[in-house]
Amino acid sequence: MNLKEKEKITLSLIETFNKAGKLALDLRLKGLKKEIKSDNTPVSNGDLEVNKLLSSKIKEITPNIPIVSEENSEHKNDKDLKNFWLIDPIDGTRDYINNRDEFTLNAALILDKKPSIGIITAPAKKRVFYSYGISNCFELINNQQISLIDKKKDHSEIKAVCYSNEIKPEILRIHKKNNVTSHQKMKSSLKFCLVASGEFDMYVAEPRACEWDIAAGHALVVHSGGTVTDFAGNEILYGKPKFENPSIIIKNKDII
């Protein structure tokens with residue numbers, strides 16, 4: 001798939017993501033129906049309805065590429081997946097259910113086990129991020145495509161995002177090695193967007209979550225000039241057994 005084809009696919013999905021974000025907010029305003037899944041994580045009718053909307057449009061655009069979503073079992077047992085979509089319809093469901101605003105909608109196209117397209121929207125914050133190739137990484141602001149490559153950064157400090165206020169010693173060591181001066185807790189994939197945009201500098205996590213939680217953000221960071229590796233410096237590939245993540249270090253282009 002060439003760059004022009006990936007651009008066309010990405011841009012054709014933005015309107016659907018905006019519709020799905022509005023749907024998520026409207027359903028929350030009406031009052032969500034909530035359940036606890038077998039892995040002890042919450043799910044709501046908002047997650048499921050957003051999943052239907054995103055999956056339907058993606059199937060329409062790329063009917064021959066399988067979709068793996070957090071919220072259904074289709075293709076999760078397929079062997080040797082190389083080219084497929086990863087969808088996390090709502091990342092940060094607890095924040096979503098509890099009327100917080102950091103939750104995100106996510107989709108990534110994986111080609112040859114690597115993220116090739118990434119789309120993340122944060123509807124409550126009115127932020128839309130997408131990428132489809134190296135140096136083709138953007139935020140949509142007032143309907144204008146703003147390149148994340150060109151965004152200027154304040155270099156006076158190095159800021160990290162983290163998934164918990166209780167930072168483990170190994171993560172603290174990596175922060176110290178990279179001269180991190182402050183950190184802020186952030187629950188959803190919004191943290192990847194803010195590293196890609198230069199608003200924060202890095203994110204470090206031990207093995208946790210699943211591939212659909214990080215794939216779209218991985219694309220954004222790499223396409224904006226940053227890096228994504230495990231703690232040993234290895235490239236992170238997709239389609240692993242049970243879609244489990246390894247450890248992860250993401251850095252923006254300014255601190256590599």
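Contact here means heavy atoms within 4.5 Å. The model is predicted.

By that cut-off, helix H6 lies across strands E13 and E14. H6 runs at about 135° to E13. Both strands belong to an open sheet of 5 strands, ordered E11-E10-E12-E14-E13, with mixed pairing. Strand E11 (182-185) and strand E13 (227-229) stand at the edges. Each has a single partner strand, so one side of each is left without a neighbour in the sheet. Neighbouring strands are turned by 20° against each other on average, direction ignored.

Strand E10 (residues 159-162) runs parallel to E11, and 4 bridges join the two. Val 161 faces Gln 184 in E11. Helix H4 (residues 169-177) packs on the sheet, touching E10, E11, E12 and strand E14 (248-251). The direction of H4 makes about 155° with that of E12.

Now the pockets. The largest has a volume of about 780 Å³. Its lining counts 37 residues, with Thr 41, Glu 70, Asp 91, Ala 209 and Asp 213 nearest the centre. Helix H6 (211-223) and strand E12 (202-205) each supply at least two lining residues, as do strand E4 (84-91), helix H3 (93-97) and helix H5 (190-196). The lining has 16 charged, 13 nonpolar and 8 polar residues.

The second largest pocket has a volume of about 240 Å³. It is lined by 15 residues; nearest its centre lie Asn 18, Pro 123, Lys 126, Arg 127 and Val 128. Helix H1 (3-30) and strands E6 (114-122), E7 (127-133) and E8 (136-141) give two or more residues each. H1 gives the most, with 5. This lining divides into 7 nonpolar, 5 polar and 3 charged residues.

Note on methods
Residues numbered from 1 in each chain as written. Predicted model: local features only at pLDDT ≥ 70, side-chain atom pairs only at ≥ 80, totals over all residues. Heavy atoms only, no water. 1 Å grid on protein atoms, 1.4 Å probe; cavity = no way out; pocket = protein on both sides within 12 Å on 5 of 7 lines; lining within 4 Å. Points joined across faces, edges and corners; volume = space filled by probe spheres on them. Nonpolar A, V, L, I, M, F, W, Y, C, P; charged D, E, K, R; others polar. Pairing = 2+ DSSP bridges. Axes fitted to C-alpha atoms, helices over the stretch in contact; angles between N-to-C directions.
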